[in-house]
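Me: Could you take a look at this one with me? I have a few questions about it.
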Amino acid sequence: MEKSKVYFTKEITPESLVKIYKALGFKLKGKVAVKLHSGEEGNQNYVKPEFVKQIIDYVGGTVVECNTAYEGARNETEKHKELIEKHGWSKYFDVDIMDAEGPDKVLNIPNGKVIKKNFVGKNIDNYDSMLVLSHFKGHPMGGYGGALKQLSIGVASSAGKSYIHSAGLLTDQTKLWDNLPEQDKLLESMADAAASVVQYFKDNICYINIMCNLSVDCDCCADAEDPCMSDIGVLASIDPIAIDQASIDLVYNSNDKGRDHLIERIESRNGIHTIERAEELGFGSRAYSLINID
């Protein structure tokens, strides 16, 4: 079986994002959704809109987000819109909060191990393809955040986020934090949800991971730790499992003195299990060839 191709460059610039997308030899069709993390209020590590403007303009994309399932500036549509404007996203791009209005769209997951359905914003139906533009870093619950996290928690509506985090028990964010499952159930739910989004877009989806500002915390944290290790580079693939595995491997193979702190975060949450479960679902492979385009 041929290994998935993952392209890599150490250059972390607006131009390198376009360069690595071109290396894929892949063209997103029709109306393009660009799923990224626009940053919680107070977070200092999220990738800023000026940095990704060239690639979003190049693919003709609309920035898409969904409301959160935790207290903060992004769990309600109007507050979320205000923060998106404050962070500068609406200055440069059309921005669509896909679950701004209900009802949610339900994506079925017939082979899901933990959840059999995924709730996403109904506006997903407005798009023909998706660029998953992920800031790779640690995560307080998932261990790490990359393409699979964006596909699952990122694309899910507010209710869908509660559903994934509770392993299918509830969609009510007010009760979520009292009903968290054991850790592997969360990770398996994330993999299940990610599979449904890949199936929805079929062959019209690709992935870029930006490995900079490598904090142990996610961009969803208002009080995030500062980065603990040096920037690594940018990766691109049409396989979300391969790109996350390659990103993890680059952390493990780094000689940076801060890598141990990030690895501890990943391992303490068993973060690799999301990748393991995703591979079992068959929408990608952990086996990859890393192709340097520098």
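Me: By class, what does the lining of the largest pocket have?
Reply: The lining of the largest pocket has ten nonpolar residues (Ala, Val, Leu, Ile, Met, Phe, Trp, Tyr, Cys and Pro), six charged ones (Asp, Glu, Lys and Arg) and three polar ones, a class that takes the others, Gly among them. This is a predicted model, in which local features need pLDDT of at least 70 and side-chain atom pairs count only at pLDDT 80 or more, while totals for chains, interfaces and linings use all residues. Residues are numbered from 1 along each chain as its sequence is written, and side-chain values use heavy atoms, with hydrogens and water left out.

Me: Which element gives the largest share of that lining?
Reply: Strand 1 does, with three residues; strands here are DSSP runs of E with at least two residues, and helices are runs of H or I with at least four, both numbered from the N terminus.

Me: Switching topic, where is Tyr163?
Reply: Tyr163 sits in helix 6, which covers residues 158-165.

Me: Why does Tyr163 count as buried?
Reply: Because its relative accessibility is 12%, and buried means under 20% relative accessible area, with over 50% being exposed and the range in between partly exposed (1.4 Å probe, protein chains only).

Me: And what does Tyr163 touch, leaving out residues up to four places away in sequence?
Reply: With contact meaning heavy atoms within 4.5 Å, Tyr163 touches Ile115, Lys117, Phe119, Gly168, Leu169, Leu170 and Thr171. Ile115 is 48 residues from Tyr163 along the chain, and their C-alpha atoms are separated by 8.5 Å.
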